[in-house]
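These are my notebook entries on a single protein model. I list what I looked up, topic by topic.

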Amino acid sequence: MPPHYPFQIGDDIDLSIINVSGQGLGFGFYEGFKIFVPLTLKDERINATIETITSKFIRARCNKRLIQSPQRATPPCPHFGTCGGCQLQHLTSQGYTALKQQWVAESINRAGFSTAAILPLYEVGLAKRRRVVFKITQTDGQFQLGFFQESTHHVVDIHTCLIVKEPLLTYALALKEWLPHLECGAAIDEIHLTYHASANVMDVIFHAHVALSSHDKKTITDRCATLHHRQRLTWQSKHTTITIQDYPVTLTLGDAEVSVPPLAFLQATHEAQTVMTDFIMRTLASLPAASLVYDLYSGCGTFSFPLLQAGFTVMAIEGSADMVFAMKQALSHMDPLHHRSLKALKQDLYHMPVAATKLKEAKAIVINPPRNGAGPQIQEIAHSHVPHVILVSCSLSSLERDSHSLKEAGYRLESLLAIDQFYWTRHTESIAYFYRP
């Protein structure tokens with residue numbers, strides 16, 4: 001039987017905010033019911049209007065702050081509060097760092113570990129995002145480019161963004177101006193941009209509902225030529241991916257030069273990639289030379305090639321054929337002595353995880369799964385008895401779930417570094433080292 005609520009949609013209530021949830025929403029209790037209120041902070045007293053009531057979620061809108069948190073700050077971005085790209089600009093720097101640390105600690109506690117192994121938060125900072133997905137929509141002939149409004153599919157048109165690298169924003173805003181010249185411009189719903197600073201290359205992917213016409217291919221080529229002198233342009237629709245203009249994108253990973261394909265996975269910031277690589281190298285530095293290390297969800301070899309450079313034997317496994325090919329191609333241009341020390345294989349690790357009986361040959365495992373976590377593969381790792389496991393997580397919920405599986409298998413959490421490369425958002429990257437004697 002559904003509960004009887006002492007309020008209804010449209011009612012005003014006074015509410016004390018007792019904490020901020022992992023989704024970035026302040027919450028408090030009214031007549032025993034948990035109510036979430038965006039843009040509120042712990043220790044605030046507010047007047048709010050009930051907006052949403054479901055069996056699992058009650059949401060209200062803050063009308064007035066009766067008592068304000070000492071941790072409240074003035075958001076620096078004019079779009080904050082409407083644009084859903086950021087959730088935490090209204091916190092002071094100190095309060096923001098403390099909240100992120102709190103979320104990490106809560107996740108690790110729920111996984112069954114002590115928080116003693118958690119290192120201070122590494123904050124990447126502003127204007128560091130090298131890749132971003134801008135949402136696109138069209139209303140009355142006018143294009144909007146930006147991010148979804150929180151909890152909606154309404155695109156908030158932006159003219160600034162403080163978290164992305166400046167070339168990305170400049171490029172995106174210039175690109176928006178000529179979208180009306182495309183025959184199928186209205187069919188574009190996303191533009192994926194990655195700025196490779198070391199090569200000064202802009203990687204652009206237009207995601208659309210329809211195939212690319214010859215007219216639009218020429219228009220895109222001509223118009224984009226005025227925006228950046230080095231760029232790779234790709235059109236992706238439901239059934240096809242077409243290269244409009246190719247330009248080699250080569251990254252240095254370890255001592256390898258890797259030609260990165262379109263849609264290749266890279267960490268959102270170069271700084272986070274560097275910090276993670278250093279963490280892995282320091283953690284495994286005491287292992288014997290030529291020890292076998294599995295690099296699962298290896299991408300283009302972000303960690304595989306530095307591991308190879310450090311003298312390890314590496315088994316890299318990745319689900320994308322293009323990224324595996326990029327690794328093999330890079331390896332073919334390296335010293336032949338390396339060819340036997342690194343193997344790159346294509347395998348869907350969610351549906352076909354590497355078995356524990358195979359993994360047990362290794363001294364260490366590095367795993368960097370997608371946002372939903374390692375799933376079945378972490379279970380195989382838990383049963384493999386491999387002593388050293390390094391887990392990268394871009395979601396605290398998947399960190400909690402995967403860490404709990406390792407805890408149940410007898411692993412200890414030796415160290416965990418949270419990396420705030422998704423600045424001002426509810427998302428937190430982490431890299432954790434587990435050891436089983």
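**Cysteines.** I took a disulfide to be a pair of cysteine sulfur atoms within 2.5 Å. The model is predicted, so I noted its limits: local features need pLDDT of at least 70, side-chain atom pairs count only at pLDDT 80 or more, and totals for chains, interfaces and linings use all residues. Residues are numbered from 1 along each chain as its sequence is written, and side-chain values use heavy atoms, with hydrogens and water left out.

My search of the whole structure returned zero disulfides. Cys-161 is in none, and the nearest cysteine sulfur, that of Cys-86, lies 6.3 Å away. For Cys-394 the closest cysteine sulfur is that of Cys-300, at 17 Å, which is too far for a bond. I then checked burial, where buried means under 20% relative accessible area, exposed over 50%, and partly exposed in between, with a 1.4 Å probe and protein chains only. Cys-161 is buried at 13%, and Cys-394 is buried at 15%.

**Sheet.** I used DSSP runs numbered from the N terminus: helices are H or I of at least four residues, and strands are E of at least two. Two strands pair if DSSP finds at least two bridges between them. In which order do the eight strands of the open sheet run? I read β7-β22-β23-β21-β20-β17-β18-β19, with mixed pairing. β7 (122-123) and β19 (342-346) are at the edges with a single partner strand each, so one side of each has no neighbour in the sheet. Within the sheet, β20 (364-367) and β21 (388-393) pair in the parallel sense over four bridges; Ile-367 stands opposite Leu-391 of β21.

I next looked up the helices lying across the sheet. Contact means heavy atoms within 4.5 Å; axes are lines fitted to C-alpha atoms, for helices over the stretch in contact, and angles run from 0 to 180 degrees between N-to-C directions. Helix α1 (93-111) lies across β7 and β22 (412-420), at about 145° to β22. Helix α6 (321-332) lies across β18 (313-318) and β19, at about 160° to β19.

**Ser-415.** This residue is found in β22 and is buried, at 14% relative accessible area. Beyond residues up to four places away in sequence, Ser-415 touches Ala-117, Phe-279, Ile-431, Ala-432 and Tyr-433.

**Cores.** I defined a nonpolar core as a set of buried Ala, Val, Leu, Ile, Met, Phe, Trp, Tyr and Cys residues joined through side-chain atoms within 4.5 Å. The largest has 83 residues, and Phe-206, Ile-220 and Leu-296 have the most contacts inside it. Helix α1 supplies the largest share of this core, seven residues. Apart from it lies another core of 44 residues, including Leu-253 and Ile-390.

**Helix α3.** Which residues of α3 (214-224) are buried? I found Asp-216, Thr-219, Ile-220 and Cys-224. Seen down the axis, the buried residues of α3 fall within an arc of 110° (taken over the directions from the helix axis to the C-beta atoms), so they line one face of the helix. The face turned away from that side carries the exposed Ser-214 and Lys-218. The buried residues of α3 pack against α2 (166-178), β12 (201-208), β13 (231-236) and β14 (241-245).
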